[in-house]
Amino acid sequence: MKDNSIESKLRSAVSHAAPDALDDILSACDHEKGKVIYMEKKRTSPLRGFAAVAAVLVLLIAGAFVFKSLGGASNTLAAVVSLDVNPSIELNVDKNENVLSARGLNADGKTVLGDMQLEGSKLDVAVNAIIGSMLQNGYLDDMANSILLSVSGVDGYNAEALRSQLASDVNKQLKNCAVLSQDVSSADSETLKLAEKYDITVGKAELIRQIVKADPRHSFDELSELSINELNLLADGKSLGSIDSTGKASSKAYIGSDAALDIALSHAKLGKNDVRNIEVELDYEYGSMVYEVEFESGAVEYEYDINAADGDIVWYEKDSGGRIEQGGSAVDGNDAVGKEKATQTALKHAGLSSSQVTELEVKLDRDGGRLVYEIEFRVSGCEYEYEINASNGSIIKSEKELDD
């Protein structure tokens, strides 16, 4: 006879998601009225164990065992909860923490929600199911382990209490993850406009604004496409205002600072004992995560940008007392304009010829991940400064001021 018990269905679901964790799941769960209740239990692999449990939640919510608050929902919006990893998902909830609606704000968010019908379920069950789907679909793992929870209250609803509870619940379930959380009830108009312009959650917009505020070298535009784990890595050691942070963002997808330093030293034909003032920092340049490596040897200063994923030397500069040597894949691959054309572009914009100017200086450099020509010259008591995009020749910046 076919076994249609709930335990049989759990075994069937979990056998596909995580066969090794079957006994662990059945001992950690209790089922009643279609709900799954978590109990504290040590696991050797927290992410894998929770992924399997959450897989059951996804099945229950998507199938015939979904628990709905029949008659318990007020249908009045009390708070908006958003979850960001790379998928972005937004949940509207009532004062009883029942889900009124759920929507994916980007393609990945829609993939995570799939066929789940979360309306009417309790918020904690819905959040667990969403996280489980993120794990199943590979958006959240040991290589990228950061998640952002943001809560916005409506008409005085205590969003901070809900934020604190959600962050605590997620931290308990995902012990090896990094959890960022914030109350965005008082988000200003600029944050709201940026969220709408870039089609991201208000929470992600606020996180990016805090990172840019702490490190003005970055722009909102360049960071808007990054995942929460990448943003969390950039935020390391920086003040993020009222954003609460627990755990550490994973950098397992990258080669590591020691390997980046070794690559730079090898290129410079130097050993660790030959250099001083070593600095290595993970950053975002040229549209990818890079290790910025700096050191000195004698009177020579070295700077490198090493691709964090594959170790490619994206850019380097060797400064020997003002004599500059530059190179790298970004310089070789993206300088479509050339020094002469960039100089002529600046002079033409200033309405001058090369014979009219003095102290002309042209330098290939980087600015916000772009390769640019920095051009300076003087004429008739005025100083001119230009930045020309090395890829397409466009003028990024032009300044004219009295030469004092």
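**Entry 1: α5 and α6**

At what angle do the axes of helix α5 and helix α6 cross, and within what distance do they come? I looked this up first, keeping in mind that the model is predicted. The axes of α5 (residues 123-136) and α6 (residues 159-173) cross at roughly 45 degrees and come within 11 Å. I therefore noted the pair as oblique to each other. As for handedness, I wrote down a right-handed crossing for α5 and α6.

Next I wanted the residues that meet here. From α5 I listed Leu 123, Val 127, Asn 128 and Ile 131, and from α6 their partners Leu 162, Leu 166, Val 170 and Gln 173. Sorted by class, the contact of α5 with α6 has six nonpolar residues, two polar ones and no charged ones.

**Entry 2: the chain as a whole**

I stepped back for an overview. I found 13 helices and 17 strands in the chain. Of its 404 residues, 47% are buried. The chain exposes about 19,800 Å², and carbon and sulfur atoms supply 45% of that area. I also looked at how contacts reach along the sequence: among those between residues at least 6 apart, 49% join residues at least 24 apart.

**Entry 3: Gly 153**

Back to single residues. I located Gly 153 in strand β6, which covers residues 146-153. Which residues does Gly 153 contact, leaving aside its neighbours within four places in sequence? I found Ala 78, Ala 79, Ala 159 and Ser 185. I also took the C-alpha to C-alpha distance from Gly 153 to Arg 163, ten residues apart in sequence, and got 10.0 Å.

**Entry 4: α7 against α8**

My next pair was helix α7 (residues 189-197) with α8, which pack at an angle of about 115 degrees with their axes 8 Å apart. That makes α7 roughly perpendicular to α8, so I logged the pair under that heading. The crossing of α7 with α8 is right-handed. On the α7 side I noted Glu 190, Thr 191, Leu 192, Leu 194 and Ala 195, and on the α8 side Val 202, Ala 205, Glu 206 and Arg 209. By class, I have five nonpolar, one polar and three charged residues for the contact of α7 with α8.

**Entry 5: Ala 205**

Is Ala 205 buried or exposed? Its relative accessibility is 0%, and with buried set at under 20%, Ala 205 therefore counts as buried. Apart from neighbours within four places in sequence, Ala 205 has contacts with Thr 191, Ala 195, Ile 200 and Phe 220. I also checked Ser 224, 19 residues away along the chain from Ala 205, and found 7.8 Å between their C-alpha atoms.

**Entry 6: α8 against α10**

I stayed with α8 (residues 202-214) and turned to helix α10 (residues 228-235). Their axes come within 10 Å and cross at roughly 25 degrees. With angles under 35 degrees counted as roughly parallel, α8 is therefore roughly parallel to α10. I noted a left-handed crossing for α8 and α10. Here Lys 204, Leu 207, Ile 208 and Ile 211 of α8 meet Ile 228, Leu 231 and Ala 235 of α10. I sorted these residues into six nonpolar, one charged and no polar.

Which loop holds Glu 97? I found Glu 97 between β4 (88-93) and β5 (99-104). Phi of Glu 97 is near 60 degrees, a positive value, and the residue is not a glycine. At 31% relative accessibility, Glu 97 is partly exposed.

My other case was Ser 380, with a positive phi of about 50 degrees, again without being a glycine. Ser 380 sits in the loop between β15 (370-379) and β16 (382-389). I noted 73% relative accessibility for Ser 380, which means it counts as exposed.

**Entry 7: Val 314**

I placed Val 314 in strand β12, residues 313-320. At 5% relative accessibility, Val 314 counts as buried. How far apart are the C-alpha atoms of Val 314 and Ser 288? I wrote down 9.8 Å for this pair, whose residues are 26 apart along the chain.

Definitions and conventions
Residues numbered from 1 in each chain as written. Predicted model: local features only at pLDDT ≥ 70, side-chain atom pairs only at ≥ 80, totals over all residues. Heavy atoms only, no water. Helix = DSSP H or I, 4+ residues; strand = E, 2+ residues; numbered from the N terminus. Buried < 20%, exposed > 50% of the residue type's maximum accessible area, 1.4 Å probe, protein only. Contact = heavy atoms within 4.5 Å. Areas by Shrake-Rupley, 256 points an atom, 1.4 Å probe, with all protein chains shown as cover. Axes fitted to C-alpha atoms, helices over the stretch in contact; angles between N-to-C directions. Parallel < 35°, antiparallel > 145°, perpendicular 65-115°, else oblique. Left-handed = near helix turned anticlockwise from the far one by under 90°. Nonpolar A, V, L, I, M, F, W, Y, C, P; charged D, E, K, R; others polar.
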